[in-house]
Amino acid sequence: MKNKSQTLLLMALPGILYFLIFHYIPMIGIVLSFKKFHPALGILGSPWIGMKNFEFILRSGALGRVTINTILYNIIFFLTNDVLAVFLAIFIADMAKRSIQKFYQSILFLPYFLSFVVLGVFAYNLMNYEYGVINTLLQSLGMHPVDFYNTKGLWYFILPLFNIWKYVGYSSIIYMAAIVGIEQEQFEAARIDGATKWQTVKSIVIPAVIPTFVVLLLFRVGQMMRGQFDLFYNLVGNNSPLYDTTDVVDTFVFRALVNNFDIGIATATGFYQSVFGLFLVLGVNALVRAINKENSLF
Amino acid sequence: MKRGAALLFMAVLVITSVFANGRAEEASENEFVELKMYLVGDTVPDYDMMLDELNVLMEEDINASLDVNFTTWVDWQTKLRLILSSGEKVDLVHMAPWGIYSEQAQAGSLMDIRNLAPTYAPETWNSYNPDILKQTEINGGVYMMPFRYTEPIGQGIVYRKDLAKKYGINEVNSTESLMALLKAVHDNEAMVPFNAGEFDLTVWIGMAGMIQNSRPQSAFKVLLENTEGVIAYVNYDQPETILYDYESAYYKETMDFMRTMYNEELIPRNVLSNTIGSREAFLAGKSAMTTLNPLNANEEFQKIQNSNPEWELGYWLPMTTMASHEKAPAINNGMSIPTASENPERALMLLEKLHQDQRYHDLTTYGVQGVHWELTSDGEITAPQGLDLSDSGFQWDRPCPWGWREEKFYRLNVLKSPSVWGEVKASQETMYDIGVERKWTDFTFDKSNVSTEISALNTVRTGVFSALSWGLMDVEEGYQELIDDYDNAGIETVKQELEDQWSAYLAGN
Amino acid sequence: MMLSTKTGMSDFIYKLTSYVVVTAVALLCLLPVILVFSASFSSEESIYQYGYTLFPKSFSLEAYRIVFESPQALLGAYGVTLIVTGVGTLLGLLITSLLAYVIWRKDFPYRNHLAFFIYFTSIFSGGLVPLYIWIVRYLEIKDTLWALILPNLTNAWNILIFRSFLNATPASLVEAAKIDGAGDFTIYRRVILPVAIPGLAVVGMFQALYYWNDWYLAKLYIDSEHLYPLQFFLYRILNNLQAMQEAIASAGIPIPDMPSQSLKMAMTMLVATPVFFLFPFVQRFLVKGITVGSVKG
């Protein structure tokens, strides 16, 4: 018994070392949240300043805004992107020819290869006021141009749209894998029972996809407070008039680092991100565990 | 869970032991070393070709070679700060008061060279004017070897004079004539008159203030500024009163001006998201103006003129209308040795060569003789036969040799060079005439007591401030928001601290 | 009869809906790619004048001509990215599959602790600066390819996905192998890996795509130009005219004469297209892998 888990431990060792070296050791940096970082003194030698860094975050007045935006966008992203991905996966899996399946899959996957940097340049070309593609079109139809980059509310739609555009193909592959795993006999049986396609989807496919969906959801919840920096940064960048509806914790941390290079403040915000994320996960995980133990993360 | 805790504990042990490690021993004086240098901005295609030649000289003279890295302009400050605060083993970095010199010197990541420099760079060190060294002082230490050159100063506007003339404007030399040009272009040409973008964000905000009629008309000293511009300053003739940029008349005038630009569609509506700067648009014939630093105005002028011979270019340096202006800092560029360097002696020996040996200066500034530059019979620098300067692999003075520039070696002096663009030369002569010696150069605001407030202030400036500065908000509404944000950020505390330090300084002098 | 017509009708609507939805999303995905493609073939003038259009308003090969005249930098970046992606994906897969296998084994006493140990890293992090200091000063891998490979060898997400693939593998397989006297490592290598091919394919693809698309690590840790990976190479060009001129140095085009807009788009296309064409091959493997995995009866 003892011997057996030793081999397993040994097998896990490279991975454990990796996480130790590249994740746990740098975590010591979290102490900087309570310090004033002084390069000459190093991380451990820098003086403690208590909660002063957190005071800044509160003082900046942005904390509530960025937290709410972060959560809100994550919910919107998950609902739009993943629900669409599930349906795309279901629809594509059902298509008659393998070649057609592949054709659609490839196209859906295309945008994943265009980096967000390109996306930012592209978005500006699409939406800028003077000669953006959309506004040129609107004007040729005799309509008023839309000032996208100065209209806060629109971004609740624009950002999810770009998010879907970039990730829906990627996400649908994961769901596709879950669907392809369903045993053929089940479909056979349903067909003999005279079930319509809709009914089959509802009673067989969707239940099969749910575990994957839940795992992804849980994962997203843990990551909720961070991630997606690329999307927000490249699409919105320095455009401060939009911050009310587009500023998330990640972009906030980034600016704290770039504008002030205040490592203490950036770390403190990161710490806040982590703790908040941890509570979210523990909460949701407990909930999932209560409903179905198998689907929970740990 | 116990296991996890044990692992965590182990990790902590590992780190503590490693992070507590001291500095490695230094290379002895006669051993061959490779020096590592960081310069700001971008490199040029033929930089390595030049470096090969330089390394031959260096090996012979100081038994060392040089490895140069560039930060690129996109994120040079963050990159330099990371390098310096992480204690990377770098031997030389470009430093400037317009960069992060005082911040990093105060943070202790730069070496105080007062002890080593007299031994390892004696000629250069001993020939510095004491006034200049005083300017480099931060809390009594000297953390950079400054260059020795009076730099052209100010930030100017280059515009399409041919378009201006077409619409009956002879010259742009005031806010009014600038507006007239931009409006005429808006009404008649297929371009956004000032097609600004990200590139212009930092430069233009300061410029816009400078072209206002109510701006300070004589020399002033900046006491507190950040990347977005000046916050506090004093006039030379009235140093007791600290003035605040955002409370001044010209600040509001600037906002009104920018709001007009925005409303009249003289700038792109979405300027904050535009990744194409006005320089690029100007070159493509899609903007009637852009900003241009007199430092490289001449070079840019020749390039643009070569590609577009049918254009006529005009240059306006708004500061020339001031009654007096403080001269450019004598330490506007320099080289520093990071605390983490293992070869400070050799680094200083290299600086000595760069400052005292014309071959070193010429190589790093103009490239390889015969390939990138040539001398005329009367000693003027010129392009070798058949080389178009604008597609040279080593653009003169471009890859950041500014940190060790020497008046006695420098061949591109705007005031002395005969081939210089007339309008730039004229503006620099004026600047020279109205220049007054800098005062209170050894005052540095010590921010350590108010660092949280300063950080908060900087955040405000990237928020409502930039929107206001580009006319994206209603002036009254936006200004009120700005004041509120400043108050929340704790500007009163900063003001108090600054006033205390400044009056203590004045009393001590 | 009635019933089956109704079913037929309903299924027809289902089919119609599915094709309409998938086609609409596909078009949405395709559109930007086409616009970028078209811009790369447009003359500089027309991009400034009309922005991006579906078809070039005035066709020009200028941008591609310039890039092909001086492809060294682009090819170099390709080389770096290929190495990083290859090495990183293989190493990553090894570590990922080992960890996932261990936490999947129900008889491993610390499986929950280990899972939490892994998962925890996706929530907590020490931030940029400590990691930077650690990598630069103590691991001393700055400005080497390792700095692009090691920091993201695997992550909780990949391990989780792989484990969920293993969940589909019957535990009886392990039991049977054990009775045959196989050790844990042998079970992993001989029994688990072969059935887990779909998982390896999917996770491997995610991992490869991550390496392929990453530019941030290079921005932090790479100074030498010959170590720039593709996406960072592109990032610099998109942000900086000077970098663009460098990238096509031997073409010797002065900045004012560079068709910078179309060049940016041409570079984007040249960075992205080879993967577009590579994808169907990966995909074949992927679909095959997934199908193989599902035939477990």
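Predicted model: local features only at pLDDT ≥ 70, side-chain atom pairs only at ≥ 80, totals over all residues.
Along the principal axes, the C-alpha atoms of chain A fill a box of roughly 80 × 75 × 30 Å. Of the 298 residues in chain A, 48% are buried. When contacts in chain A between residues at least 6 apart in sequence are considered, 66% join residues at least 24 apart.

For chain C, 71% of the contacts between residues at least 6 apart in sequence link residues at least 24 apart.

Chains A and C meet through 72 residues of chain A and 79 residues of chain C. On the side of chain A that touches chain C, the elements giving two or more residues are α1 (2-24), α4 (63-93), α5 (98-109), α6 (116-127), α7 (133-140), α8 (155-180), α10 (197-223) and α14 (263-291) of chain A. The element that gives the most to this side is α1(A), with 12 residues. By class, the side of chain A that touches chain C divides into 47 nonpolar, 21 polar and 4 charged residues.

Within chain C, the domain assignment gives domain 1 (1-60) and domain 2 (64-294). Contact between these two domains involves 9 residues of domain 1 of chain C and 7 residues of domain 2 of chain C. On the domain 1 side, α1 (2-40) and α2 (44-50) of chain C each supply at least two residues. The largest share of that side, 4 residues, comes from α1(C). The residues on the domain 1 side comprise 5 nonpolar, 3 polar and 1 charged.

Chain B is assigned to domain 1 (30-151 + 331-404), domain 2 (156-326 + 416-436) and domain 3 (448-508). The C-alpha centres of domain 2 and domain 3 of chain B are 25 Å apart. Where these domains touch, 19 residues of domain 2 of chain B are in contact with 16 residues of domain 3 of chain B. The elements of chain B that give two or more residues to the domain 2 side are α10 (201-210), β8 (220-226), β10 (238-244) and α11 (249-263). From α11(B) comes the largest share of this side, 6 residues. The side of domain 2 of chain B that touches domain 3 of chain B contains 15 nonpolar, 1 polar and 3 charged residues.

Leaving aside residues up to four places away in sequence, A:L88 touches A:L108, A:V168, A:S172, C:V22 and C:V25.

Helix α14 (residues 344-356) of chain B has 13 residues and spans 18 Å from its first C-alpha to its last, close to the 18 Å expected at 1.5 Å a residue. This helix is mostly covered, with 12 of its 13 residues buried.

B:D362 counts as buried because 21 other C-beta atoms lie within 10 Å, where the cut-off for a buried residue is 20 or more. The C-alpha atoms of B:D362 and B:R411 are separated by 8.8 Å, although these residues are 49 residues apart along the chain.

Definitions and conventions:
Residues numbered from 1 in each chain as written. Chains lettered and ligands numbered in written order. Domains from an automatic or database assignment. Nonpolar A, V, L, I, M, F, W, Y, C, P; charged D, E, K, R; others polar. Expected span 1.5 Å × (residues − 1).
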